[in-house]
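User: I'm new to this one and would like to learn how to read it. Could you walk me through it, one feature at a time?

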Amino acid sequence: MKKITAVKLVDILRSPALLLSMNPRKLSQIVAEARFYNMLAQLKWLCDEADIWFDLPVEFQRHVLSAQYSYTNQIRLLEQEHTHISALFGQLGLRWVYLKGAAYQLSGLGCLQGRIMSDID
């Protein structure tokens with residue numbers, strides 16, 4: 001007999017439509033896991049891509065949108081810092097590269113939309 005396992009964030013990333021069959025308790029667990037991994041805002045992009053956003057419970061949407069607002073602000077600040085760093089290093093004739101989260105965000109890859117980063121490397 002096959003053991004039934006709980007749906008995890010990784011399952012949602014593979015198949016966002018699983019969210020539609022989850023009860024509020026299970027959705028709350030996904031929210032908590034996504035928040036722990038700084039990926040809660042990423043669920044907005046994922047649900048939009050899967051065309052299921054408006055079919056999800058409003059309470060779930062509120063949690064994701066709250067994270068989305070934080071992500072949007074973080075991107076705004078990253079772009080400001082990028083402008084200042086570019087100006088400063090440009091004046092000094094220095095070349096630089098961004099690493100990890102900042103590099104991913106500045107690359108504009110859609111699949112990384114919503115991924116919160118901790119700092120600029």
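**Reading the loops, helices and surface**

Analyst: Let's start with Asp51, which counts as exposed because its relative accessibility is 65% (exposed is over 50% relative accessible area, buried under 20%, partly exposed in between, with a 1.4 Å probe and protein chains only). Keep in mind that this is a predicted model: local features need pLDDT of at least 70, side-chain atom pairs count only at pLDDT 80 or more, and totals for chains, interfaces and linings use all residues. Residues are numbered from 1 along each chain as its sequence is written, and side-chain values use heavy atoms, leaving out hydrogens and water.

User: Where does Asp51 lie?

Analyst: Asp51 sits in the loop between α3 and α4 (helices are DSSP runs of H or I with at least four residues, strands are E runs of at least two, numbered from the N terminus).

User: What is the phi of Asp51?

Analyst: Here's the general idea: most residues other than glycine have a negative phi. Asp51 isn't glycine, yet its phi is positive, near 55°. Asn38 is another non-glycine residue with a positive phi, about 55°. You'll find Asn38 in the loop between α2 and α3, and it is partly exposed because its relative accessibility is 36%.

User: Which residues of helix α3 are buried?

Analyst: Helix α3 covers residues 42–49, and its buried residues are Gln42, Leu43, Lys44, Leu46 and Cys47. Those buried residues pack against α1 (9–14), α2 (24–36) and α4. For the chain, buried residues make up 29% of the 121 residues.

User: How do I read contacts in the chain?

Analyst: A contact means heavy atoms within 4.5 Å. Take the contacts between residues at least 6 apart in sequence: 57% of them join residues at least 24 apart.

User: And which residues form a nonpolar patch on the surface?

Analyst: Leu88, Leu92 and Leu94 do, with about 290 Å² of accessible area together (Shrake-Rupley method, 1.4 Å probe; for residues, only the protein chains shown count as cover). One of them, Leu88, is in helix α4, residues 58–92. Leu88 counts as partly exposed because its relative accessible area is 44%. As for the chain, it exposes about 8400 Å², and carbon and sulfur atoms supply 57% of that.

Terms used:
Patch = residues over 30% accessible without salt bridge, like charges linked within 9 Å, V, L, I, M, F, W, Y side chains within 5 Å. Salt bridge = Lys/Arg side-chain N within 4 Å of Asp/Glu carboxyl O.
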